[in-house]
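Welcome, and thanks for taking a look at this one with me. Here is a short briefing to read beside the sequence and the model.

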Amino acid sequence: MELKFKSIEKFISEQKVQEYAEVSGDFNPIHLDDNYAKKTEFKNKIVHGMLLISNINELMFRNFKDSWNKCGTLKIKFRNPLVVNSKLITKGKIKKIDKNSDGTLYTCEVMCNDEDDNILINGIASVLVQE
């Protein structure tokens with residue numbers, strides 16, 4: 001059984017990356033400085049990994065509300081970077097449902113992709129919905 005979530009699509013602009021840097025305190029030049037980024041293996045500024053993960057959090061909260069905040073877990077792997085000023089697609093699907101005396105445990109496959117469908121992050125999110 002697989003139940004897909006409605007995906008979340010966002011354009012991650014330079015302004016959004018700058019705002020994230022200010023909130024997080026992560027001013028690594030790979031995210032903010034064109035000249036520095038051109039000299040790296042990525043050749044472009046890249047989006048903060050934690051900014052990408054926050055979109056997985058948003059996806060799970062939309063689908064599981066407060067249960068995600070209370071009982072959610074996430075195990076992910078970074079696969080590829082997202083270049084600043086690019087589209088981010090965050091998606092997920094329920095892979096397994098287990099009912100027990102504590103509630104219902106949902107195990108979900110989650111991922112972030114770029115507009116060329118390259119996998120940026122993928123992993124497993126689990127959430128216990130108490131009844």
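Is Cys108 buried or exposed? Cys108 counts as buried, because its relative accessibility is 0%; buried means under 20% relative accessible area, exposed over 50% and partly exposed in between, with a 1.4 Å probe and protein chains only. Please keep in mind that this is a predicted model, in which local features need pLDDT of at least 70 and side-chain atom pairs count only at pLDDT 80 or more, while totals for chains, interfaces and linings use all residues. Residues are numbered from 1 along each chain as its sequence is written, and side-chain values use heavy atoms, leaving out hydrogens and water.

**Cysteines**
- The structure holds zero disulfides, a disulfide being a pair of cysteine sulfur atoms within 2.5 Å.
- Cys108 is in no disulfide, and the nearest cysteine sulfur, that of Cys71, is 14 Å away.
- Cys112 is in no disulfide either; the nearest cysteine sulfur there belongs to Cys108, 14 Å away.
- Cys112 also counts as buried, because its relative accessibility is 0%.

**Overall build**
- The chain has five helices and six strands, which are DSSP runs numbered from the N terminus (helices: H or I, at least four residues; strands: E, at least two).
- Read from the N terminus, the order of elements is β-β-α-α-α-α-α-β-β-β-β.
- Along the principal axes, the C-alpha atoms fill a box of roughly 55 × 30 × 20 Å.
- Of the chain's 131 residues, 38% count as buried.
- Taking contacts (heavy atoms within 4.5 Å) between residues at least 6 apart in sequence, 63% join residues at least 24 apart.

**Nonpolar core**
- A nonpolar core is a set of buried Ala, Val, Leu, Ile, Met, Phe, Trp, Tyr and Cys residues joined through side-chain atoms within 4.5 Å.
- The largest such core has 26 residues, and Val47, Met60, Phe64 and Cys108 have the most contacts inside it.
- At least two residues of this core come from each of β2 (8-12), α4 (49-64), β4 (86-100), β5 (103-114) and β6 (119-129).
- α4 gives the largest share of this core, seven residues.
- Beyond its neighbours within four places in sequence, Phe64 is in contact with Phe5, Ile94, Tyr106, Cys108, Val127 and Val129.

**Surface**
- The accessible surface of the chain is about 7,900 Å², with 47% of it belonging to carbon and sulfur atoms; accessible areas come from the Shrake-Rupley method with a 1.4 Å probe, and for residues only the protein chains shown count as cover.
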